Structure formats: C-alpha cells, structure tokens
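Subject: Structure handover

Hi,

Here is the structure I promised to pass on. Please open it and keep it in view while you read my notes below.

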Amino acid sequence: MEIKKVAVLGCGLMGSGIAQVSATAGFNVTVLEVDPKYIEKGFAAIRKSLDKLAAKGELADTADAIFARLKGTTRKEDLADCDFVIEAVIENLDEKRKMFASIDPIIKSSAIFASNTSSISITEIMTATKRPAQFVGLHFFNPVPLMKLVEVARTIMTSAEAFETACAFGAKLGKIPVRTSDKTGFIVNRLLVPYLMDAIRAFEEGVGSVADIDASMKLGCGYPMGPFTLLDFVGLETTFYITNVMFDEFKEKRFASPSLLKRMVMAGWYGKKNGKGFYDWSNPEKPVPQDAALRGFAKE
Ligand code: 3HC
C-alpha cells in the first residue's frame, strides 16, 4: 500500500516531532488539534528544529519546503483522505479511544491507524475502531527528530500487510523500526522504566545526590543523559502514568512508582516542560538540582 498523506493527532511534544519527521520524509501532513493555539505552539517548535537541522546541513530539502508540507486543523473531516494516521494525544486510554472512535467513520477505509502510546495496550485502543486488521503501535522517542528508533507493535489482529507497511513507513521516516508485539511497554520501556524507578529509589535511600546519580550513569556508563535529566526530559506525569499502567499489568515492584515521583506529580512538578522536576529548569542551559526541596524523601 502506498502512503502519500499522513495525519497526526495531537501537536504536543511527540505529535509535533512525528509531524516534522513525516514532512521531512516528503509526506503531506495534516495535524489535528483541539485548539489552534496548540498548532501554533507545535509548529513554532517544528520551525525552530527544522532551522537548526538546516543550518547543520542535515536536511535534504529546505526548511521552507518541508514546513510547507504541514497543515494544521481542528476539523476531523480534513483528515478524510489520509493513508496513515498516527495518534499522539494525551497518554490516557479513554481519550485515545474517544479520538479513534470519532475519526474511524470519517477516514477512508484503507487507511492504517497507529498509536504512539508508550504503555497503553494497542489492543484496547484498537477495539474503539472497526479496523482491527489495520491498527498498529508506532512508538517514537523524544526528541523525535533526533532519536533513530521506532518500535512497531502488532496485536493478534493486525494483518501482516498492515504491519509490514507500518515498518516500511517507519523506515521511510529515517528511523530504524524494531518489531515487537502488544506487550505493555514494548521493548524500550520494559527495560527503561525499572531503571528510572530504581534511580529514584536510590535517591530516596540516600545512595547519592540527583547530580551525582546523573553524573554516575553519564560518565560511568556512557549514557547520553543521567536518569533524572531523562525523567525531567520525558515528563514526570507521563512517566508516572506509564509506571502505573506497567505495574497494573505486571504487578512487580520494579515497575511501581516510588512515593517521591507520585508526590512530585501531585505538586505539579512535571519536569522540563513546566520548569520544575528533579531540576529547576528556569535557565534550561543551567538546570539546578532540587535536592534541598526533595530532602524529606532522601535519607541523609
Ligand atoms: N531538533 C533539532 N535539533 C535538536 C533537537 C530537536 N528537537 N533537540 C536537540 N537538538 C540539537 C541541540 O540543540 C544540539 O545542537 P548543537 O550541537 O548545535 O548545540 C544537538 O541537537 C545536540 O544536543 P545536545 O547538545 O543537547 O547534546 P546531546 O549530545 O545530549 O544530544 C540527545 C541530545 C540526542 C537528546 C541526547 O542527549 C540523548 O540521546 N538523550 C537521551 C534521550 C532519550 O533517551 N530519549 C528517549 C526517552 S524515552 C521515550 O521517549 C519514550 C517514552 O515512552 C518514555
């Protein structure tokens, strides 16, 4: 099946990145949002990223030409003739099901639907539609324009053709597709989430400070960023949601959210996106570790 037009549902951190790489790969992309202000914000981030990549000579096309392939809309009808739909709305089962149920009758029957969910069951989202054979998971990584991986997940009802089309589509976006199935967390989060939760538990147990734990994994293991920087980068509320889904599935402590993460989310500390997490991001160039505020949770 040939894919020409792509729809992206949601223009947040992941949606805007997915729209950007799709347009960069030459597809015409329509991005759906509930309010034009979110399209404006997401498109501004895309423009900034494209300009940066263009300045480094990393784009085959001009940033203007790529940007011109992007269209924002708040009308679901504008997605009717899309061939491939990628959902990147809030990480919440009901919201995702509602979204897919509402677009399913509008979008042409041959189109493939994909969810960028990191932890919710693809099968459970898929049952909101009448196209189980054409439904896959397509899980990108943040920041989407830079991270080379995409996980492609099939359910027991996904057709071989739709699965292969989704893998080929991922490759066309310049990503390395890895094949997996609808098992909670797929490959990356199955391994990453226990590591991140362990970092928080190590902090709670007084093993080291935020900065020292980060420096240890960065300098001792060659990870590009330490666990707390990564947590702030992914978003604490997103990570908290993922841990809850994974714990619910596996009932194993390694997936459980430590009290500190829960308290930080309750306090509205979501990480870099809203300025405060394990670091204060008021100056994004110089994040300040928040050990003093978090001390009540760490053994001296
Ligand atoms: N678009 C274009 N350029 C970008 C960009 C973007 N979106 N984001 C960063 N850059 C640029 C930077 O501005 C910088 O440019 P410069 O060299 O001109 O200064 C360049 O890319 C390199 O960035 P950094 O200086 O920050 O250097 P790094 O070497 O640290 O690279 C990184 C950045 C690739 C993000 C690297 O830190 C990294 O790999 N971090 C780990 C990210 C990760 O693990 N992501 C997965 C999260 S898990 C997930 O998403 C799944 C979910 O389900 C939880």
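Nine residues of domain 1 are in contact with five residues of domain 2; contact means heavy atoms within 4.5 Å.

Some background before we go on. This is a predicted model, so local features need pLDDT of at least 70 and side-chain atom pairs count only at pLDDT 80 or more, while totals for chains, interfaces and linings use all residues. Residues are numbered from 1 along each chain as its sequence is written, and side-chain values use heavy atoms, with hydrogens and water left out.

The two domains

Domain 1 covers 5-181 and domain 2 covers 190-295. These bounds come from an automatic or database domain assignment. Taken over C-alpha atoms, the domain centres are 27 Å apart.

About 570 Å² is buried between domain 1 and domain 2, and carbon and sulfur atoms give 65% of that. Buried area is the accessible area (1.4 Å probe) that two parts lose on being put together, summed over both. On the domain 1 side, Glu-91, Ser-119 and Asn-142 lose the most area to domain 2, together 60% of what that side buries.

What kinds of residue does domain 1 put against domain 2? There are four nonpolar, four polar and one charged. Here Ala, Val, Leu, Ile, Met, Phe, Trp, Tyr, Cys and Pro count as nonpolar, Asp, Glu, Lys and Arg as charged, and the others, Gly among them, as polar.

Two residues to look at

Find Phe-43 in helix H2 (residues 36-55). Helices (H or I, at least four residues) are DSSP runs, numbered from the N terminus. Is Phe-43 buried or exposed? Phe-43 is buried, because its relative accessible area is 12% and buried means under 20% (1.4 Å probe, protein chains only). Leaving out residues up to four places away in sequence, Phe-43 touches Cys-11, Val-31, Phe-67, Leu-70, Lys-71 and Gly-72.

Next, go to Ala-162 in helix H6 (residues 160-172). Ala-162 also counts as buried, at 3% relative accessibility. Pro-284 is 122 residues from Ala-162 along the chain, and their C-alpha atoms are separated by 41 Å.

Best wishes

Methods:
Helices (H or I, at least four residues) and strands (E, at least two) are DSSP runs, numbered from the N terminus. Buried means under 20% relative accessible area, exposed over 50%, partly exposed in between (1.4 Å probe, protein chains only).
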